[in-house]
Amino acid sequence: MRILLTADAELPVPPLLYGGIERVIASLVDEFRSRGHEVGLIAHRDSTVAADFFHAWPGLTSTSRGDSFRNAIALQQAVAKFKPDLLHSFSRLLWLLPLAASARRFPMVMSYQREPTGRTVELSRRLHGKRLQFSACSEQLGEKGRQRGGGTWTAIPNFIDPERLDFVASVPDDAPLVFLSRLEPIKGCHNAIAIAKASGRRLLIAGNRVESGSAEGYWDREIAPHLGKDGIEYVGTVDDAQKNELLGKAAAMVVPIEWDEPFGIVFAEALACGTPVISTPRGAVPEIVEHGVHGFHIANSEEGVAAVQRLGEIDRLKCRQHVDAHFTAAKVADRYLQLYRDSIDS
């Protein structure tokens, strides 16, 4: 197949630092090409992944009207040059608009990593017809898409590279708990602190501080007063090597979220290290972490304390095996390629 992928305009593929979905796209390019498919990519001009065809977005933002207009035209031009059998967009639905009038008809898949806007989905579905299908990084996100905008939705998860994360079969009895995520209220660091203190366990906190919007004052109010006391420690932001070490030495990763997480790559990363996950069963968490097998679902801090006391029941090898079976590039590429074939044949 000739597969044309698109990424958002802001970050290169792969990203230099942060950029989870850009890493996913880079891995898909490599995986598809290794299977003999021709792969085109439209992305930030500094992208370095080895695609068979590359076209740079002229606009570098996804929110500017001017950039959106330029990028929609650029997508139309790239399609004319590459002549794909299928287009898979990880960028913006609006940028597909000029393709509605294209004389060359080919199927398109629009993937969502965030909650879809129902009106935009519905209008695009009516404009492009059955040639446009949708995918979401979790079942719960796909269900929201179906309810809000209709259309055909397929849930295909994100993935990680387990080979970059070392499996740790066992940890000492006094191993710390770890919180690893952005430091904002919806991620639940304050809940992790409460659980650790009530459990009498050390807690290592890692992640980016967020100081805007609903997170303004969160650090000073909910986190800073606890640091340096009762084993609560902030270790800062971490790179891939530091993340591997941090998760591997943890008794559990405790991230009791307070929102519907679209996917949560960090949950799969923890499991790849053999580290159980304690979180609330919101968003995609139940699709990644089976209660009592890979960690525990909790509703409050009291249940969190009880979960910490039950960590000895979790087989760390099963956590790693779960990732190897479901959340690798090869497994996810299989599912996308099947979706592509079904779209082309329909």
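Select Gly150 to start: this residue follows helix 4 and has a positive phi, near 75°. The model is predicted, so local features need pLDDT of at least 70 and side-chain atom pairs count only at pLDDT 80 or more, while totals for chains, interfaces and linings use all residues. Residues are numbered from 1 along each chain as its sequence is written, and side-chain values use heavy atoms, with hydrogens and water left out. Helices (H or I, at least four residues) and strands (E, at least two) are DSSP runs, numbered from the N terminus.

**Stop 1: helix 4**

Which residues of helix 4 are buried? They are Gln140, Leu141, Gly142, Lys144, Gly145 and Gly149. Buried means under 20% relative accessible area, exposed over 50%, and partly exposed in between (1.4 Å probe, protein chains only). Now show the surroundings. The buried residues of helix 4 pack against strand 5, helix 3 (118-128), strand 6, strand 7 and helix 9 (285-288). Contact here means heavy atoms within 4.5 Å.

**Stop 2**

The 7 strands form an open sheet with parallel pairing, in the order 3-2-1-4-5-6-7. Two strands pair if DSSP finds at least two bridges between them. Strand 3 (53-56) and strand 7 (153-155) are at the edges; each has a single partner strand, so one side of each lacks a neighbour in the sheet. On average, neighbouring strands of this sheet are turned by 20° against each other, direction ignored. Axes are lines fitted to C-alpha atoms, for helices over the stretch in contact, and angles run from 0 to 180 degrees between N-to-C directions.

Zoom in on strand 4 (residues 86-89) and strand 5 (residues 108-112). They pair in the parallel sense over 3 bridges. Ser89 stands opposite Met110 in strand 5.

**Stop 3**

Most residues other than glycine have a negative phi, and most peptide bonds are trans. Select Val13 and Pro14. The peptide bond between them is cis, with omega near -5°. Pro14 is in the loop between strand 1 and helix 1.

Go to Lys83. Its phi is positive, about 55°, although it is not a glycine. Lys83 sits in the loop between helix 2 (65-82) and strand 4. Its relative accessibility is 46%, so Lys83 counts as partly exposed.

Then pick Asp230, in the loop between helix 6 and strand 10. Asp230 has a positive phi of about 55° and is not a glycine. Is Asp230 buried or exposed? At 55% relative accessibility, Asp230 counts as exposed.

**Stop 4**

The 6 strands form an open sheet with parallel pairing, in the order 10-9-8-11-12-13. Strand 10 (232-236) and strand 13 (295-297) are at the edges. Neighbouring strands of this sheet are turned by 25° against each other on average, direction ignored.

Strand 8 (residues 177-180) and strand 9 (residues 203-206) run parallel and are joined by 4 bridges. Val178 stands opposite Leu204 in strand 9. Helix 7 (residues 240-248) packs on the sheet, touching strand 8, strand 9 and strand 11; its direction makes about 145° with that of strand 8.

**Stop 5: rings**

Show Phe, Tyr and Trp. Rings (for Trp, the six-membered ring) pair if their centres lie within 6.5 Å; planes under 30 degrees apart count as stacked, over 60 as edge-to-face and the rest as tilted. The count comes to 10 aromatic pairs. Trp219 and Tyr234 form an edge-to-face pair, 4.8 Å centre to centre with 70° between the planes. Trp219 lies in helix 6 (residues 218-223) and Tyr234 in strand 10, so the pair ties together parts 15 residues apart in sequence. Trp219 is buried at 9% relative accessible area, whereas Tyr234 is partly exposed at 25%.

Finish with Phe32, Phe90, Tyr336 and Tyr340, which form one aromatic cluster.
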